[in-house]
Amino acid sequence: MALTCQGFLVASPSSSLISFRRTARTSLTAAADGAVAGEVGAVESCRIKIQAALSPVELVVKSSNDDPNGSHIALRVISAAFEGKNRVQRQQVVYKAIWEELSGPIHAVDELVCRTPAEEGM
């Protein structure tokens, strides 16, 4: 029997072999709109949460090129939710949406572009 504790898989105490396995996956519950629940990677989890929080017209979430582990990401978010907000406030809104991932599998946001549709000429 295995127990799961904050991203680690621990063999039961009665087992002669106790193993730990770090996982970069986050379990998401189904959203009210009927989204499918399941296990998704941290990058996809960030994409889902930013989409839900900001309803962007353009959203790019990707692992940074220099990070093979996927613990660093780059974000480009174009959303009307940024209207009237300065650069720091825009970044705070994005970080709030993905705080759970930043506290776990994602260690850094290497690039963060937060713009309004008007600033992009949309």
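From the N terminus onward, the secondary-structure elements of the chain follow the order β-β-β-β-α-β-β-α-α-β. In this predicted model, the chain therefore comprises three helices and seven strands under the assignment used. Of its 122 residues, 30% count as buried. Among contacts between residues at least 6 apart in sequence, 47% join residues at least 24 apart.

Three of the strands form an open sheet in the order E5-E6-E7, with mixed pairing. Strand E5 (58-63) and strand E7 (108-115) are the edge strands, each pairing on one side only. Neighbouring strands of the sheet are turned by 5 degrees against each other on average, direction ignored. The pairing of E5 with strand E6 (residues 72-78) is antiparallel and extends over six bridges. Within this pairing, Ser-63 has Ile-73 of E6 as its bridge partner, and Glu-58 stands opposite Ile-78 in E6. E6 and E7, by contrast, pair in the parallel sense, over seven bridges. Ile-78 takes part here as well, with Arg-115 as its bridge partner in E7. Five of the seven residues of E6 are buried, so this strand is largely enclosed by the rest of the structure.

Helix H1 (residues 42-54) lies across E5 and E6 and runs at about 160 degrees to E5. Helix H2 (residues 87-97) packs on the sheet through E6 and E7, and its direction makes about 125 degrees with that of E7.

H1 consists of 13 residues and reaches 18 Å from its first C-alpha to its last, close to the 18 Å expected at 1.5 Å a residue. Its buried residues are Ala-42, Val-43, Ser-45, Cys-46, Lys-49, Ile-50 and Leu-54. Seen down the axis of H1, these buried residues fall within an arc of 155 degrees, so they line one face of the helix. In an α-helix there are 3.6 residues a turn, so residues three or four places apart point the same way.

The largest nonpolar core contains 18 residues, of which Ile-50, Val-61, Ile-73, Leu-75, Val-77, Val-94 and Ile-98 touch the most other members. The elements that give two or more residues to this core are H1, E5, E6, H2 and E7. H1 gives the most, with five residues. Nonpolar side chains tend to be buried together in soluble globular proteins.

Phi of Ser-55 is near 45 degrees, a positive value in a residue other than glycine. Ser-55 has a relative accessibility of 52% and, because the cut-off for exposure is over 50%, counts as exposed. Leu-54 of H1, in contrast, is buried.

Note on methods:
Residues are numbered from 1 along each chain as its sequence is written. This is a predicted model: local features need pLDDT of at least 70, side-chain atom pairs count only at pLDDT 80 or more; totals for chains, interfaces and linings use all residues. Side-chain values use heavy atoms; hydrogens and water are left out. Two strands pair if DSSP finds at least two bridges between them. Helices (H or I, at least four residues) and strands (E, at least two) are DSSP runs, numbered from the N terminus. Axes are lines fitted to C-alpha atoms, for helices over the stretch in contact, and angles run from 0 to 180 degrees between N-to-C directions. Contact means heavy atoms within 4.5 Å. A nonpolar core is a set of buried Ala, Val, Leu, Ile, Met, Phe, Trp, Tyr and Cys residues joined through side-chain atoms within 4.5 Å. Buried means under 20% relative accessible area, exposed over 50%, partly exposed in between (1.4 Å probe, protein chains only). The expected span of a helix is 1.5 Å times one less than its number of residues. The arc is that of the directions from the helix axis to the C-beta atoms.
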